[in-house]
Amino acid sequence: MAKNLVIVESPAKARTIERFLGKDYKVASSFGHIADLPSKELGVDIDNNFKPKYIVDADKKPVVKKLKELAKKADTIWLASDEDREGEAISWHLVETLNLDRNKTKRIVFNSITKSAIQKAIENPRDIDYNLVNAQQARRVLDRLVGYELSPVLWKKVKPGLSAGRVQSVAVRLIVEREREITAFTPKASYRVIGQFLTQQGQTFQARLGKTFSTQEAAETFLQKNIGANFSVASLEKKPAKKSPSAPFTTSTLQQEASRKLFFSVSRTMQVAQRLYEAGLITYMRTDSVNLSKEALNAARHAIEGAYGEAYSQVRNYNRKSKGAQEAHEAIRPTDMKLQSPSLERDQARLYELIWKRTIASQMSDAKLERTQVKIGSNSYDEQFSASGEVIKFDGFLKVYLESKDEEDAEEQGGLLPAMNQGEALTNEQLVATERFTRPAYRYTEATLVKKLEELGIGRPSTYAPTISTIQNRGYVEKGTVEGQERKYNQLTLKNGTIKSNILSEKVGSDKGKLVPTDIGMIVNDFLVAHFANILDYHFTARVEEEFDEIASGEEDWQKVMREFYEDFHPNVTEVEATAERASGERILGTDPDSGRQVAVRLGRFGPMVQIGTVDEEEKPVFASLLPDQSLNTITYEEAMDLFKLPRSLGEYNGEELQANVGRYGPYIRYGKKFVSLDKGESVFDVDFERAVELVKAKERADAPIAHYEGHEVTKGKGRFGPFIKWNGIFISVGKKYNFDALTEADIAQLIEDKKKKEAEKLVNEWPEEGIRIEKARWGRHNIIKGKTKVELAKDVDPLGVTLEQAQTLLAKKAPKKKTRKSKT
């Protein structure tokens, strides 16, 4: 039996470490935190100095049991969770939950999973850093307080099922404010003039006029001045210049660059980076440091000199001036600088190469350039054209890597200019005055949102990805799908002494892939900003992050921070809950011409809708749901009134009426009792009878049985969670190992039998005549089920001891009450 037990938080990390240690070491995984706050209660004793109530979930109990057994047999226990605050808290929970003997328990940290790093860590163990633990506890407790107190307020005042969070709500606010800035923006037109000139050697180049014109008339007047004008090089200036490499990656810069270059989402970047770290290929990927260790600097220098020569090597030390940056950590870098292209799956290989290039480039020489600036004058007016270009004299770090720019930061790159001399006469081939419009601020992408959060000091390396995932999963923000709208613009061309005008078009306003707030996101944001301005304040949120940093460094007491926060926060919550009015985002559009009643849009129980009439009137209001691509903030009166024309009757097909309508999941065709969704981009107002029949026939083909099994039909389809087959009323997911388009009888039988076996294993008890059963659920829980009604049993209830009468009583309490109102509210 191994004398040493090493506990890490992930199985993949455990497997990598086990390769480096001898038979005296057993490496086991805790599978993340083994203890946490309970999921269905606050879990914080506010009256007892905000003491957290940590529990071990049912799914973690087998892990705890196994680790306790291993710990009893070991002479020394090494806690090797990650070196950040979360990792420190995991180690602390292991000590507390496993009741480890502190005399034989040691804490080790390493920022890369390599043999030398692990050996060095074992040679230099330390105690648990309780300042880091307390910083993690402070974040966890404060976020729990905010979430558990704010969310019920949203349920009462906005809509059930909503949630609020300290960082997520601020991120939504940024996106909402940017959207409103874009909506309020009025573009202004101006004309920019670009000339095409010919040198005496016959080479062409372009130059831009240094001023713009606000009207077409002004631009045309300027072009007329150029008819018959002479042009020459007024000045020519050449200057040496240089470009320096960017610092190695931090978490946020890796997320930004992977988005720009690889089109990864922030969460995808972190998933792939985690795999690379656990495989021992890169250093720890949650860091805000740009430091490189002495060993890394030397390794990079040797790799650069070996591959490119000494002239390309320049040792550089980077540092960050932002408060809270953890300079004790390293930047994200390869563990082996000479390993450029390891054999990996595609996404891992692409991200690893990006990290390798960025790290190597950061230790390379500046690129040396020669920049040329040319001014072109005319004998007809004082304004000058200018052109710039640059030549790379020595490529330096550009041989390996150049950082990409975000859309809003993109600059026009100067190309090569032909040789010319000051005073040289030039021939003007043409002048083009193009109407251009000012642009609003760009919508945030995931990458630019991370950049903004970091600039404001909101969040830390470990929080960016979960924050961005949460606001999308909650439905507050979504990725835009609009390609843009066509906009006309004018272009005037002077050529051969004649001015011609052309009307051209361009696509503008595309939000594809950008973060766009939903109606519910905007309503929730407005409610929180109006009633909890402090929580939603950027500076306050950044200050909280600074306090966490101060707790981590031992400068601040975490429970004192909690008390000071809660003293102001809780009374505010109580007051808002008692006095605030409901928020629905209501916007009055006009009056119904038939009834004279008010027409407004607002958020209802089932989402955004338009309403004719008010609840105060004797006659009940009439409702219609908005289409998926419509918004409370932008829908027009005409568009709203069109919704009351639904459902549209398209005709009869096989004796059944065809109707076009819109529901919770978008526009559809109704055919008898069947519902067929329209394809993406199709309008419920434009679909005709022929198209509806085509969709119904396609649905009938898709729903036709593909087989029969045990006397029941087998059909197949694709749903929210992927491809499935349906048999005897049961939906069965079809995994990737099957060819969904060509399922064989053997495949179908295997899928059904596997599902039957799985369902049988879940069954704990049943009463067939009453249609009631008790099944195992996730995380060691159990549910009583009858039809669509499901009741979760308490953890301390033995499911085998539940009687039929008890089950019926619990189900009766859960059963929905019958509605007496017919109208939708």
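Me: Why does F263 count as exposed?

Reply: Exposed means over 50% relative accessible area, buried under 20%, and partly exposed in between, with a 1.4 Å probe and protein chains only. F263 has 69% relative accessibility, so F263 counts as exposed. The model is predicted: local features need pLDDT of at least 70, side-chain atom pairs count only at pLDDT 80 or more, and totals for chains, interfaces and linings use all residues. Residues are numbered from 1 along each chain as its sequence is written, and side-chain values use heavy atoms, with hydrogens and water left out.

Me: What makes the phi of F263 worth a remark, and where is F263?

Reply: Its phi is positive, about 60°, although F263 is not a glycine. Most residues other than glycine have a negative phi. F263 sits in the loop between α8 (251-262) and α9; helices are DSSP runs of H or I with at least four residues, strands are runs of E with at least two, and both are numbered from the N terminus.

Me: Which class of accessibility does N728 fall in, and why?

Reply: N728 has a relative accessible area of 42%, so N728 is partly exposed. N728 also has a positive phi, about 55°, without being a glycine, and lies in the loop between β27 (722-727) and β28 (730-733).

Me: Why is α9 called oblique to α13?

Reply: Helix α9 (residues 266-278) and helix α13 (residues 464-473) pack at about 140°, with axes 8 Å apart. Axes are lines fitted to C-alpha atoms, for helices over the stretch in contact, and angles run from 0 to 180 degrees between N-to-C directions. Under 35 degrees counts as roughly parallel, over 145 as roughly antiparallel, 65 to 115 as roughly perpendicular and the rest as oblique. The angle therefore makes α9 oblique to α13.

Me: Which residues bring α9 and α13 together, and of what classes are they?

Reply: V266, S267 and M270 in α9 meet Y464, A465, I468 and S469 in α13, where contact means heavy atoms within 4.5 Å. By class there are five nonpolar, two polar and no charged residues. Ala, Val, Leu, Ile, Met, Phe, Trp, Tyr, Cys and Pro count as nonpolar, Asp, Glu, Lys and Arg as charged, and the others, Gly among them, as polar.

Me: What is the orientation of α9 to α11, and which angle gives it?

Reply: α9 and helix α11 (residues 346-362) pack at about 85°, with their axes 10 Å apart. That angle is why α9 is roughly perpendicular to α11. The residues of this contact divide into six nonpolar, two polar and three charged.

Me: What is the orientation of α5 to α16, and which angle gives it?

Reply: Helix α5 (residues 130-157) and helix α16 (residues 558-579) pack at about 0°, with axes 11 Å apart. Therefore α5 is roughly parallel to α16. Residues of the contact include L142 and L145 of α5 and F565 and F569 of α16. The classes are 14 nonpolar, three polar and four charged.

Me: How do you know that α6 is largely enclosed by the rest of the structure?

Reply: Of the 19 residues of α6, 14 are buried, so the helix is largely enclosed by the rest of the structure. Helix α6 covers residues 166-184 and reaches 27 Å from its first C-alpha to its last, close to the 27 Å expected. The expected span is 1.5 Å times one less than the number of residues.

Me: What makes the peptide bond from L646 to P647 cis?

Reply: Its omega is near 0°. Most peptide bonds are trans. P647 is in the loop between α17 (637-642) and β21 (648-653).
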